[in-house]
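Morning, everyone. I'll walk through one structure today, chain by chain and contact by contact. Have a look at it first.

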Amino acid sequence: MSTCRHFVPLLEPFRDGELSPSEVVDVETHLVECERCSERVRLAEAMRVSLKEVVRAGAPVTDSFEERIRLALSAEREREERREPAHEAQLRMLSWRSIVPIAAAAAVVLAYAASANNRTTDVASSRASMYQSSTPASVEKLLEDLVSNHEHSSPQYTEQSVLPQLESEVGVPVKLPNFKPFGASWEGLSVVPVSNQRAASLRYRIAGHRLTVYVYDAARVPVGSMLQQRVVRDEPVYVGSRHGVSIAATERRNGVGYLVATDLNKDESAELVASIY
Amino acid sequence: MNRPGRLTSRVFETEALAELPALLGVATRLTKNPADAQDLVQDTLLKAMRARDQFEAGTNLRAWLIRILMNTFINRYRRGGLERSVLEGPDADPLADGWISAQTMEAMRDPESQALRPMLASEIGRALDELPEDYRTAVVLSDVEELSYKEIADVMGCPIGTVMSRLHRGRRLLKGRLYEHARAMGIVGPEAQVGESSQVEAVVELDQYRARKAVGS
């Protein structure tokens, strides 16, 4: 018993991983010899297991709670970015500061861009200088331009065979989404120029509604910061609307971003973009 | 200006979200109310996001978040500060496990689940909630969230010796409560007082043990 007297004070720090290696050896040696102290340790372990179970089960993190926290944090991040637009946000934005307005877009077709004509670059860079910082205003402008492009432009190519060329323009893999389950029909594709890179624009029609899918390098397009986050099919999706056009954006693990613009409602747009993989 | 090594807001968000179960678990045990617990966790994470420059990279994010959670709880949900629910000092509780036999302790465990017998496990939540707040917090932070004594001391704003004392007393109260319940349920029989006195349990300061050992050796 006198040995137990010696070791009992060590049993809790032993289980809690707070003893020095030599003390651990002392305790383990005693435990081999002493059934009672071994049982003390085992009962304490059993209590720990049960405590963990009861505390976790008593406070389950529900999907709605997790989403609430995500929304609160992303709203806080937006506030922060508005206060401090210079550094963190700018790193993420890199060169995609705004898409070039439609007048310039009309001039940039695939073949034209491939010819590396300097005029295009000049137009693009002069326009881009208007959006040098990655402020919410510039992201907002980018969204407005995407919506405007969706509403007013027509596809430049109807053949899907130009896709491989388009990938080299955009810099990310461009796979056609499978919208057949939604009854979508294919209309064509374009390259949408941006300050010094590009996005693919895929055009469909669903039950008479126009649908544009933009495909881009997600690391350079922080559209999420100006949209509302929600979870669709277990994936985060950013939704919003501008001028009656609903927008839903998502990012896949390979870094490819997708943004859907439609005159369907936001839920339908979110569902469409979440279906892309 | 951003400091070197500063967590970006997105990285922070991802890592903090992974700690939601731990934060909500602690918050629920503190507030004893699911809605208050959720509000507390949200307030905590927003504060932490704003203060993330103060987080030292490479240290335990969970411990840091729980420290903010505790401070938020004390300041906002318990105006007037944390009253000492139990006086520190000599332990007045006569119940010690010195007189619980190995056989009885074994009977309280479920050998298959590695946890308590199911009938006792159902009691442990209630027993936990009835612990004095300081004891309950220490036990949850150690046994459930696996924080070190040092981290718990930082979270609770007290010396490590006090953490050990709270843990020891909290666990012993839990064990005593479960033993009583086990007897009432007929899981174990009455226990004859054997050998050791409760004095055996009174020594909880590791420093004292180490000092004694150093003198003796």
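In what order do the elements of chain B run from the N terminus on? They go α-α-α-α-α-α-α-α-α-α-α. In total, chain B has 11 helices and zero strands. Keep in mind that this is a predicted model.

The chain has 217 residues, and 42% of them count as buried. Now take the contacts in chain B with a separation of 6 or more. Of these, 73% come from residues 24 or more positions apart.

α2 of chain B covers residues 20-31. That is 12 residues, reaching 16 Å from the first C-alpha to the last. Is α2(B) enclosed or open? Nine of its 12 residues are buried, so α2(B) is largely enclosed by the rest of the structure. Those buried residues are B:Ala22, B:Leu23, B:Leu24, B:Gly25, B:Val26, B:Ala27, B:Thr28, B:Arg29 and B:Leu30.

What follows α2(B)? B:Lys32 does, with a positive phi near 60°. Some background on that. Most residues other than glycine have a negative phi. B:Lys32 is not a glycine, yet its phi is positive. This lysine sits in the loop between α2 and α3 (34-50) of chain B. B:Lys32 has 12 C-beta neighbours inside 10 Å, so it counts as exposed; the cut-off for exposed is 12 or fewer.

Phi of A:Ala207 is near 45°, which is positive, and the residue is not a glycine. Where is A:Ala207? In the loop between β2 (198-206) and β3 (209-217) of chain A. A:Ala207 has 10 C-beta neighbours inside 10 Å and therefore counts as exposed.

Back to chain B, for helix packing. α6 (residues 118-129) packs against α9 (residues 160-184). Their axes are 10 Å apart, at an angle of about 135°. That angle makes α6(B) oblique to α9(B). The crossing is right-handed. Which residues meet? From α6(B) we have B:Leu120, B:Glu123, B:Ile124, B:Ala127 and B:Leu128. From α9(B) we have B:Leu174, B:Arg177, B:Leu178, B:His181 and B:Ala182. By class, this contact has seven nonpolar residues, one polar and two charged.

Now the interface. How many residues of each chain are in contact? 44 of chain A, with 49 of chain B. On the chain A side, α1 (2-15), α3 (35-57) and α4 (63-83) each supply at least two residues. α3(A) gives the most, with 19 residues. The chain A side divides into 20 nonpolar, three polar and 21 charged residues.

α3(A) meets α7 of chain B, residues 133-144. The two axes come within 9 Å and cross at roughly 105°. That makes α3(A) roughly perpendicular to α7(B). α3(A) brings A:Arg48, A:Leu51, A:Lys52 and A:Val55 to the contact. α7(B) brings B:Val140, B:Asp143 and B:Val144. In this contact, four residues are nonpolar, none is polar and three are charged.

That's it from me. Over to you.

Notes. Residues are numbered from 1 along each chain as its sequence is written. Chains are lettered from A and ligands numbered from 1 in the order in which they are written. This is a predicted model: local features need pLDDT of at least 70, side-chain atom pairs count only at pLDDT 80 or more; totals for chains, interfaces and linings use all residues. Axes are lines fitted to C-alpha atoms, for helices over the stretch in contact, and angles run from 0 to 180 degrees between N-to-C directions. Helices (H or I, at least four residues) and strands (E, at least two) are DSSP runs, numbered from the N terminus. Angles under 35 degrees count as roughly parallel, over 145 as roughly antiparallel, 65 to 115 as roughly perpendicular and the rest as oblique. A crossing is left-handed if the near helix is turned anticlockwise from the far one by less than a right angle, and right-handed if clockwise. Two residues are in contact if their C-beta atoms, placed from the backbone, lie within 7 Å. Ala, Val, Leu, Ile, Met, Phe, Trp, Tyr, Cys and Pro count as nonpolar, Asp, Glu, Lys and Arg as charged, and the others, Gly among them, as polar. The expected span of a helix is 1.5 Å times one less than its number of residues. A residue is buried if 20 or more other C-beta atoms lie within 10 Å of its own, exposed if 12 or fewer, and partly exposed in between; C-beta atoms are placed from the backbone.
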